[in-house]
Amino acid sequence: FTAPDRGQAYVVYVLESPQTVVLKGSASASTIQQGETVKLHVERQTTGKWLRVSRGELKQGQCWVYRPPVEVEPEVAQDLQWHVEPERAVEFRSEYQMDKSRVATAMTKGTIKLTPVSKVTCEEGRMVEGSAIEIEVT
């Protein structure tokens, strides 16, 4: 990012209407044994209408970004929250995955449902859920 020339205003983007966010989740395996790990993947698709404005036009407290969100993010599993059923059925590895996937270890036997949950940029309090990923643990 470079500073504007003298006399020019900083240009930013504000959201004009609610966005459409779709989370597409998958797992490296659908059946694993208790104690084994599974790699979770989520693609996030975001579409919305952003208006280009100068920072001087912003209302106090108005959410703005330097660039609108990318329409397709191929891997965001590491950046999301996860709803796990049953609770504590998996343990998520804490170390960062360079490919932004998420690694989980199965702690219990049976069917585990993992649902990716994402915040929505500039829509405070709005969360979007993807379809649940089901894993059978034997």
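I looked up Glu134 and found it partly exposed, at a relative accessible area of 46%. Here buried stands for under 20% relative accessible area, exposed for over 50%, and partly exposed for what lies in between (1.4 Å probe, protein chains only). The model is predicted, so I kept local features at pLDDT of at least 70 and side-chain atom pairs at pLDDT 80 or more, while totals for chains, interfaces and linings use all residues. Residues are numbered from 1 along each chain as its sequence is written, and side-chain values use heavy atoms, with hydrogens and water left out.

I then checked the partner of Glu134: its side chain meets that of Lys113 in a salt bridge (3.9 Å, N to O). The term requires a side-chain nitrogen of Lys or Arg within 4 Å of a carboxyl oxygen of Asp or Glu. Glu134 sits in strand S12 (residues 133-137) and Lys113 in strand S10 (residues 110-119), so the pair ties together parts 21 residues apart in sequence. Strands are DSSP runs of E, at least two residues, numbered from the N terminus. Lys113 is partly exposed, at 33%.

I searched the whole structure and noted 7 salt bridges. One of them joins the side chains of Glu16 and Lys49 (3.7 Å, N to O). Glu16 is in the loop between strands S1 (11-15) and S2 (20-27), Lys49 in the loop between S4 (37-47) and S5 (50-54), so this pair links parts 33 residues apart in sequence. Glu16 is partly exposed at 43%; Lys49 is exposed at 52%.

I also recorded Glu123 with Arg126, a salt bridge whose closest N and O atoms are 2.8 Å apart. Glu123 counts as buried at 13% relative accessibility, whereas Arg126 is partly exposed at 29%.

Notes. Helices (H or I, at least four residues) and strands (E, at least two) are DSSP runs, numbered from the N terminus.
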